[in-house]
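Thanks for asking me to look this one over. Here are my notes, in numbered points, to read alongside the model.

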Amino acid sequence: MDRRHHRKPTLIWLVAAGMASGALAAGGCGGAGRAAGPVAEVPGRSRPVEMGTEVGAVIPAVSQLAVVPGRRVFVPVVPAASEGAGAEGTRPAWTWRPPRGLDAALIVAEPVRSPAALASWLPSSRLRWSAVRPEAGRVPSGAAAAYWVVAVSPPPDFGRRPLEVPVGAGSLRLIPLPPPPERRLDPSPPRPGASENARRGLGLLLEQAALDPFERWRARLAGERYSEAELGRAVPASLADPVLDGLARQLEDQWRAGLAELGRADEAVALDVLRTLTAVVRLPGGNLRPVWPPDDGETSLLLRTLVDPAATPERRVQAAQAWLAHAPAAVAWPIDDAGVGVGAAGAAQRLHIGVADLRGRATTASAAEAGATAGNPTPLPAHDSVLLATDINAGRGDGLANVVARAGDWRTQITVLGSAVRARPPGLLMSPMLPVWTMRSWLAGEPEVPVPGEAAAALLQPAAGGPGGRWELFVECRSVAGEGEPPAGPPAPGAAEGPADAVRVYIGPFAESRAILRVDRSGRVADESRPGSPVVANAVVSDEKGLWTAVVPIPVELVDNPATAPSLLMGLSRTDARGVRYTWPRPLMPGQLEPGRVRVDLAGWSR
């Protein structure tokens with residue numbers, strides 16, 4: 001026990017210091033901010049942030065806005081140049097306020113830190129938006145971003161031609177938009193087959209997205225693919241706060257009108273843009289998920305061109321084609337890294353790659369090691385995904401290999417393990433355990449980093465007494481407070497279930513586990529791959545304030561080729577007391593039940 005407790009603080013420290021290998025954590029997704037006006041970061045505080053004093057004058061942050069006549073216009077504003085405004089930014093919005101007499105509001109985004117929000121697929125679920133009036137005098141505690149808008153009512157005769165209107169010390173050119181078209185922009189959208197539960201889960205996500213004034217337009221356009229009965233709810237068409245509702249309506253008007261103009265110029269290109277902007281994709285587990293490209297500068301430029309009355313039909317089509325070339329047509333990601341089999345010269349190891357269509361066009365997907373011919377071409381329906389098994393024959397000198405994934409003309413290169421990971425003294429560190437993929441991290445191919453206070457790690461090492469064919473896994477988890485978190489230690493006599501916070505060790509091929517060893521604070525090790533989940537061992541558990549550890553014995557019969565080339569196929573999962581999941585070596589996708597695997601070479605301990 002002295003040996004294990006000596007190592008105990010080391011694992012979490014290594015994770016926090018970033019000393020674990022990044023090859024598994026970051027290697028590869030092949031895929032693709034919000035341009036909502038001048039945004040300033042607000043430092044987190046333990047109490048509300050006091051607004052600054054009035055500035056002498058404000059000017060519009062944009063030179064023109066396209067709006068539907070008869071509606072109030074919401075204009076982002078910044079201090080006038082004499083007050084220190086620059087072309088690309090302003091003084092932080094919470095440090096000043098517009099002069100009296102303007103109908104102004106500070107648009108504020110506050111982080112939502114609930115377990116549901118942290119595990120949410122959409123970034124909009126992690127923010128709560130509000131409109132704070134200047135007379136409130138304070139910004140909510142911990143606000144993440146803020147910017148000012150001023151409401152303007154155009155004159156009644158606005159509607160036939162552009163109009164210059166005063167805003168603060170400056171002016172703004174208003175461009176009249178036609179009323180939004182009554183017919184749907186996409187009469188025959190792609191609808192991958194899905195269960196009732198999957199459609200209702202999508203309905204919940206679209207309802208959440210519609211609460212974000214800058215994403216409601218996407219949620220409503222995406223929701224038009226399904227009936228209210230299919231989604232189990234209506235996608236909200238209005239927000240309770242009139243300022244947020246006005247901003248959301250203004251942006252939706254612009255996109256609907258712009259896409260309608262593009263459709264009159266080239267219907268096929270318009271459908272490609274619409275289906276990419278508002279894609280709903282079926283993931284390998286059967287879940288339906290919005291997959292929306294970010295509101296970056298390219299997307300904002302496209303919208304400005306589409307609603308510009310001076311743009312010709314040809315110019316709109318050219319802008320749309322340029323945007324489509326910038327936006328990803330598909331995304332590919334590694335699900336498990338098995339590594340080349342040990343002890344067998346030239347042996348191939350099978351791994352799994354996911355490919356999803358984001359364009360809304362049926363195509364063919366494939367994946368193969370770089371330089372090899374793909375032997376797994378698979379039909380990929382529109383807005384659907386497939387799992388591809390591919391073989392890796394050799395890795396580079398650094399133990400990595402490259403896989404090329406394709407979907408039609410689109411292709412990307414993914415880095416995976418090309419060889420087994422060797423377990424060497426003092427042990428193989430399995431960290432960090434990663435949160436589930438979110439839409440943003442998945443498209444970027446960059447897993448989110450776990451919060452240090454929620455870290456978990458594991459160390460694979462020989463059992464006490466040195467290598468003798470027996471191995472153990474030293475697991476260390478930060479305790480995370482959550483609703484219904486049970487007390488530390490073993491359950492009370494007669495308790496129906498053990499503590500909720502648990503780690504699962506998956507041994508064997510992906511989706512064909514030979515064992516799923518579950519350990520929690522009770523110390524019981526149950527094999528969930530067997531009927532009734534029998535207890536197969538007892539772990540040595542230490543439970544201290546803020547940290548629990550367990551030493552889990554690995555049954556010797558689970559080691560592959562124990563006499564000649566011992567190895568283990570392994571993956572780890574932790575479900576904390578809040579129900580939030582973390583996995584190693586790769587993040588999970590929504591609906592994915594188990595983590596990928598890594599081949600661990602156990603013979604390396606004595607080399």
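1. A word on terms before we start: contact means heavy atoms within 4.5 Å. Helices (H or I, at least four residues) and strands (E, at least two) are DSSP runs, numbered from the N terminus. This is a predicted model, in which local features need pLDDT of at least 70 and side-chain atom pairs count only at pLDDT 80 or more, while totals for chains, interfaces and linings use all residues. Residues are numbered from 1 along each chain as its sequence is written, and side-chain values use heavy atoms, with hydrogens and water left out.

2. Now the overall picture. The protein chain has 11 helices and 36 strands. Of its 607 residues, 55% count as buried; here buried means under 20% relative accessible area, exposed over 50%, and partly exposed in between (1.4 Å probe, protein chains only). The chain exposes about 25600 Å², with carbon and sulfur atoms supplying 51% of that area. Accessible areas come from the Shrake-Rupley method with a 1.4 Å probe, and for residues only the protein chains shown count as cover.

3. Nine of its 11 residues are buried, so H8 is largely enclosed by the rest of the structure. Those buried residues are Val 269, Ala 270, Leu 271, Asp 272, Val 273, Leu 274, Arg 275, Thr 276 and Leu 277. What do they pack against? Their partners are four helices: H5 (216-223), H7 (242-265), H9 (297-307) and H10 (313-326). At the start of H8, a side-chain oxygen of Asp 266 comes to within 3.2 Å of the backbone nitrogen of Ala 268.

4. Next, how H8 meets H10. Two packed helices are described by the angle between their axes and the distance between the axes. The axes of H8 and H10 come within 10 Å and cross at roughly 40°. Axes are lines fitted to C-alpha atoms, for helices over the stretch in contact, and angles run from 0 to 180 degrees between N-to-C directions. H8 and H10 are therefore oblique to each other; angles under 35 degrees count as roughly parallel, over 145 as roughly antiparallel, 65 to 115 as roughly perpendicular and the rest as oblique. From H8, the contact uses Val 269, Asp 272, Val 273, Thr 276 and Leu 277, and from H10 it uses Val 317, Ala 320, Gln 321, Trp 323 and Leu 324.

5. H10 also packs with H7. The angle between H7 and H10 is about 110°, with their axes 9 Å apart, and the two helices are therefore roughly perpendicular to each other. Glu 261, Leu 262 and Ala 265 of H7 meet Pro 313, Arg 316, Val 317 and Ala 320 of H10.

6. Staying with H7, have a look at Asp 245, which lies in this helix. Is Asp 245 buried or exposed? At 13% relative accessibility, Asp 245 counts as buried. Its side chain is joined to that of Arg 216 by a polar contact of 2.7 Å. A polar contact is a pair of N or O atoms within 3.5 Å; within protein, one must be able to donate a hydrogen and the other to accept it, and residues adjacent in sequence count only if both atoms are side-chain atoms. Leaving aside neighbours within four places in sequence, Asp 245 is in contact with Arg 216, Ala 237, Ser 238 and Leu 239.

7. Some backbone spots deserve a second look. Most residues other than glycine have a negative phi, and most peptide bonds are trans. Pro 425 and Pro 426 are joined by a cis peptide bond, with omega about 5°, and Pro 426 sits in the loop between strand S23 (421-422) and strand S24 (428-430). The bond from Trp 584 to Pro 585 is cis as well, with omega near 15°. Ala 511 has a positive phi, near 70°, and is exposed at 55% relative accessibility. Ser 533 has a positive phi of about 45° and is partly exposed, at 32%.

8. Finally, a strand residue. Ala 104 belongs to strand S8 (residues 104-111) and is buried at 4% relative accessibility. Pro 134 is 30 residues from Ala 104 along the chain, yet their C-alpha atoms are separated by 7.1 Å. Not counting residues up to four places away in sequence, Ala 104 touches Pro 98, Arg 133, Pro 134, Trp 148, Val 149 and Val 150.
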